[in-house]
Amino acid sequence: MRLKRSMRWEARTLAPIISLFLLIVGTALVVPGFLKLSIVDGHIYGSLIDILHRSTPTALIALGMAVVIGTKGIDLSVGAIIAICGAVTAVLTASTELHPLIVLGCAVLVGMVCGLWNGTLVAVFGIQPIVATLILMVAGRGIAQMITGGQIVTFHSDFINAIGNGFFMGLPARVVLAAVIIAITVLVLRKTALGMFLEAVGGNSETSRLVGIDSKLLILMVYVFSGFCAALAGVIIAADIRGADANNAGLWLELDAILAVVIAGASLSGGRIYLGLTIVGALIIQTLTTAILTSGLPAQYNLIVKASIILLVLLLQSKVTQDFIKARVQSFRRASDA
Amino acid sequence: MLNERYLPVIATLLVFILLYGYGMVEYKGFRDTLVFTNLLTDNAFLIVTAVGMSFVIISGGIDLSVGSMIAFVGVLLAYLITGLGIHPVYAAIIALFTATFFGMVMGVIIAYFEIQPFIVTLAGLFLFRGLAYMINLNSVPIDHELLVTLSEIYVPLPGRGGLTFIAMAMLALLAIGVVVAKRTRFGLNVYAVGGDVQSAALMGVPVKSTLVRIYALSGLYSGAAGVIFAIYTGSAYPLAAVGVELDAIAAVVIGGTLLTGGVGFVFGAFLGALIQGIIQTLIIFDGSLNSWWTKVAIGALLLMFILMQKAIVHFSRRYSGKNPEPPEQPAMEKVETT
C-alpha cells in the first residue's frame, strides 16, 4: 500500500516536468536555434531566457494562486489587482517625486490591501471564494481607471524600468526577483509548519479548526499573499511597457495562473500545494506560447491550444478517468496472474 | 408570512425603482418611455445571457464561457452570411445549434467526468474566443437586407419609446425562461440539483442529464444573445463581449439568485441586468462622471446583495431551528452508482 502511494505520487510529479522537457525538445526540433544561448554585453540572450523573462508575471501570480487553491479557495481578482497596482506605480512615478522604492512599496501595499479585502470577505463573512473575489474582479478595473483618470499613463524611472527590462548578474532582473520570492515562499511553507497548516485548512477546514489551527487567520493571510504576488506582477508588467493600461494589463492572467496550478496536478478542491510544479506549469504555458509564435503558426491558435490542454489535463485528472484506468490495470494484472 | 426567498428580489425591485425614480426626478428626458425601451434594446443581449446563466447558477454551477460564445456566434454568423452566402435565418439556426452543442459538450464533461463547472467553462472561454479568432481576426459588417428589415420593425408605445425587434425577442426568451424554470419538470429538476445534489439523486432526479441540459440551455441562450448582439451592432468582432460573463453573473446575483444554488428567479436576472443598464444610463445623463464608475457601482451593488443574501440565509436558518451552517457538500462525490 505504502509503496503504491509513493509510486503514484512520483508519476504525478514527473508528468509536468516531462511535458515541459518534451515541449522544449519538440520546439527545438521545429525551430532551429531555439536552445541557443548567447552572451551580449554580459547579458545572456536566447529563446529559453526569453521564456523565463516572459513567464515571470504568470509564475508570480500562479505562486499566489497555488497557495490560495491549496486552502480550497480561488482568487479571480488578480488580473484586476495587477491593473490597480500598475496604475498606482505609473501615477505615483509620473506625477510625484517619490523615491522609486517608496513607489514600489506603495504598489505592493495596495495589492496587499486588495488581498486583505478578498480575505476578509472569505474568512470573516464566509462568502464563497469565487464570489468574493468576483466583486474585486468586476470593480477592480474600474478602480484602476479611476486612478489613471481613464488614460494610459506612461512614466519613466530608471529604477522601475530596470525591474521590467534590466539585468542582474547577466540574468533578467525580474526573473531574479521572482526566483527570490519563489525561493522564500518554498522555504517558509516547507521548512516551517505553515505549509502543513495551509494544506490542512484546504483539506478540511472544520477538522483543522478542531485541532487548534486558526483557519480564519490563515485564509486571510493567503489572500494577502496572493495580492502581494499580483502587485509585484503588476509592477513588472507596468515597468515592462513603461505605462499602465487599466483595461488590458493582466487581462486573463488569472486564467493562466489557474491553468498553471491545474497543470501542476493540484485539485481545485484544495488540500495540496505544489509550488515547484506550479512554476513548471507557468513555464509550460509560456513555452507553448513562444513555440506557437516562433514555429510560424498563427497566434490565434494559442487560445485553442491552451483550452485543449486544460481540458486534456482535467479529463486525465478526473476521478472517473482514473478509476477507469485503475480498473483496467487491475483486470490486466488479474489476467496476467491467472 | 412573506417568504424570505422573495426578499432579495423585492430588494432588487426597490433598488431599480429608486434608481429610475431618481433619474425621473433629476432629468426631464428620463421621464420619456424612450429611456425605458432603449434600456430594453441596449441590454437585450445581456438579459438573454443572464437568463441562461440563471439556470446554471440555480443549479449551483457557473458558466464563464458566455462572453466568448457571443463573440464566436457573431463571427460565425458573419462568415456564414457574408462568406458563404447562406440566408441569415438558416445561418442563425446553424449558429444556435453550434452554440447548444458546445454547451452540451461542456455539460457532459461537467456531469460525467465530475469536473468543476468553473474550470470546464473557463476552458470553454478560451476555446470559443480562439475559434472566433480562427474564423476572422477583424471586425466585419454583416450585410443583408433581412437585417435592415428587422431593424425597421418597431412597435411604438405612448411617448417617444417603442419596442424594437431585439427587445421583443429578448422579452420572448425571458418569458420562455421563466416558464421553463417554474412550470416544467426540467425546471424543478434544476432547483432540486441546486438545492442538494445528493437528495435530488435519491429522489430520482436524473442529475447528470439535467446538468447536461442546463449547460446546453446556457449555450443556447448565450448563442441567442450572440445573434441579438450581431443584429444590434450589425457587425461581428472576435473581441466583442469581453467580460460579459461577469456582467451576466452580476445580473443574476443582483437579481436575487443564491450563488450556492437552489434558490433564485429567472425574472430577477432581468431586473439585475436592467439595474446595470440604468446605472450606465444615469452616468450618461449626468455627463460629468466617467464610464468606469459603472464598474465600481456594479461591484458595490454586488457586494451589497451578496452580504444581504448571507444575512438572510443566516437568520432564516437560525429561526427555523436548523443548523446555522450545514457542512459543505462536495459536489456529487457521495453519489456512487455501484
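1. Helix α2 of chain B. In this predicted model, the buried residues of α2(B) are V35(B), T37(B), L39(B), L40(B) and T41(B). Their cover includes α3 (44-58), β3 (162-164), α8 and α13 (266-286), each of them in chain B.

2. How α2(B) meets α8(B). Helix α2 (residues 33-42) and helix α8 (residues 165-183) of chain B pack with their axes 8 Å apart and at an angle of about 70 degrees. Angles from 65 to 115 degrees count as roughly perpendicular, so α2(B) is roughly perpendicular to α8(B). On the α2(B) side the contact involves T37(B), L40(B) and T41(B), and on the α8(B) side I166(B), A167(B) and M170(B). Sorted by class, this contact has four nonpolar residues, two polar ones and no charged ones.

3. Chain A as a whole. The secondary structure of chain A consists of 14 helices and six strands. Along the principal axes, its C-alpha atoms fill a box of roughly 80 × 55 × 35 Å. Buried residues make up 48% of the 338 in chain A. Of the contacts in chain A with a separation of 6 or more, 78% are between residues 24 or more positions apart.

4. Where the two chains touch. Chain A puts 35 residues into the contact and chain B puts in 37 residues. On the side of chain A that touches chain B, the elements giving two or more residues are α5 (129-148), α11 (253-263), α13 (301-317) and α14 (319-337) of chain A. The most comes from α5(A), with twelve residues. By class, this side of chain A has 23 nonpolar, nine polar and three charged residues.

5. In soluble globular proteins, nonpolar side chains tend to be buried together. Here the largest nonpolar core has 217 residues, and A66(A), I84(A) and L77(B) have the most contacts inside it. Helix α10 (residues 215-241) of chain A supplies the largest share of this core, 17 residues. What does I84(A) touch, not counting residues up to four places away in sequence? The residues are V110(A), C114(A), G140(A), I143(A), A144(A) and I147(A).

6. I284(A). This residue is in helix α12 (residues 275-294) of chain A. I284(A) counts as buried because 24 other C-beta atoms lie within 10 Å, where the cut-off is 20 or more. Setting aside neighbours within four places in sequence, I284(A) is in contact with P16(A), S19(A), L20(A), L23(A) and I263(A). I284(A) and L35(A) are 249 residues apart along the chain, and their C-alpha atoms are separated by 15 Å.

7. Two positive phi values. Phi of K72(A) is near 70 degrees, a positive value in a residue that is not glycine. K72(A) lies in the loop between α2 (47-70) and α3 (78-95) of chain A. In chain B, E114(B) is likewise not a glycine, and its phi is positive at about 55 degrees. E114(B) is in the loop between α5 (88-112) and α6 (117-135) of chain B. Are these residues buried or partly exposed? K72(A) counts as buried because it has 20 C-beta neighbours inside 10 Å, whereas E114(B) has 17 and therefore counts as partly exposed.

Methods:
Residues numbered from 1 in each chain as written. Chains lettered and ligands numbered in written order. Axes fitted to C-alpha atoms, helices over the stretch in contact; angles between N-to-C directions. Helix = DSSP H or I, 4+ residues; strand = E, 2+ residues; numbered from the N terminus. Parallel < 35°, antiparallel > 145°, perpendicular 65-115°, else oblique. Contact = placed C-beta atoms within 7 Å. Nonpolar A, V, L, I, M, F, W, Y, C, P; charged D, E, K, R; others polar. Buried ≥ 20, exposed ≤ 12 C-beta atoms within 10 Å, placed from the backbone. Core = buried A, V, L, I, M, F, W, Y, C linked by C-beta atoms within 7 Å.
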